[in-house]
Amino acid sequence: MGIGVALLLVAFLAWRMMEREREIRLSHAAEESMEKAYAFKASPEGQKAVAGIGDFAISCGDINVLAQEMLICRIKTLEELRPLSTEDLQFAFNEFTFKALNAMAARERGVVLDWDEVKEKRKIEYESFASKPDRHGGMCGVARARLRHLEDDRLYNIIMITASEPLLSNKELEQVQRMNSTEGQHLLGQLSQKRLKAAAKKHPLLIYDNRFKQPPWVEQLMG
């Protein structure tokens, strides 16, 4: 029994070492892929605006960087890391524009965040992943690249942090909290949807690049 347990322990440690090595290799490859996406973002083509909501002008480079990150988040092995497809870019476009709409809705509610506050929040998020390549793999590579490009990603960071703010006022949240969980969730959904629809009508999505199709959320909110 003792020998069997020892052999199992050795096998487990060997497997764990292989897993750690795999995660570290993936983190390096992910970081390199992100840097290539940032190099494109800095190019004239990458700087071209492809869409806008309110005062948020979204560039082709913004979409490419997010598409690269979203692809990395979906893969488990280095072999799955591949060039971006048109579907990847459209998927990222849909996500980016919806986050921008959420950010506009939060602004309409009165949420205003200064850049220093946004920057600090993003640094805290990324640093928790960036220091552990053997555990977070691809996300570590993404976080390391994002940390180096905080200023380049100013628009992206403002949108993402603002979009994470509640769409409801404190008074509305208190009303939801006083209800039971089922009724509260229903009301929360209703109020959030109402605020998003109002923002979508006041700040419609403008698409400047015919490579991108209207995302599903437009029809869902404006239909």
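The structure is a predicted model, in which local features need pLDDT of at least 70 and side-chain atom pairs count only at pLDDT 80 or more, whereas totals for chains, interfaces and linings use all residues. Residues are numbered from 1 along each chain as its sequence is written, and side-chain values use heavy atoms, with hydrogens and water left out.

Helices (H or I, at least four residues) and strands (E, at least two) are DSSP runs, numbered from the N terminus. Helix H4 comprises the 24 residues 86-109, which at 1.5 Å a residue should span 34 Å, the expected span being 1.5 Å times one less than the number of residues; its end C-alpha atoms are 35 Å apart, which agrees. Just after H4, Gly110 takes a positive phi of about 115°.

Rings of Phe, Tyr and Trp (its six-membered ring) pair if their centres lie within 6.5 Å, and planes under 30 degrees apart count as stacked, over 60 as edge-to-face and the rest as tilted. By this rule, the count comes to three aromatic pairs. In one of them, the rings of Phe93 and Phe212 have their centres 4.7 Å apart and their planes at 15°, so the pair is stacked. This pair links distant parts of the chain, with Phe93 in helix H4 and Phe212 in the loop between E3 and helix H11 (216-222), 119 residues apart. Phe93 counts as buried at 0% relative accessibility, and Phe212 is buried with a relative accessible area of 7%. The rings of Phe98 and Trp217 have their centres 6.1 Å apart and their planes at 50°, so this pair is tilted. Phe98 belongs to helix H4 and Trp217 to helix H11, 119 residues apart, and Trp217 counts as buried at 7% relative accessibility.

An open sheet of three strands has the order E2-E1-E3, with antiparallel pairing, where two strands pair if DSSP finds at least two bridges between them. Strand E2 (56-59) and strand E3 (206-207) stand at the edges, each with a single partner strand, so one side of each is left without a neighbour in the sheet. Four bridges join strand E1 (residues 49-53) to E2, and the bridge partner of Ala49 in E2 is Ser59.

Ser33, found in helix H1 (residues 2-41), counts as buried at 15% relative accessibility. Leaving aside its neighbours within four places in sequence, Ser33 is in contact (heavy atoms within 4.5 Å) with Gln68 and Leu81.

Notes:
Buried < 20%, exposed > 50% of the residue type's maximum accessible area, 1.4 Å probe, protein only.
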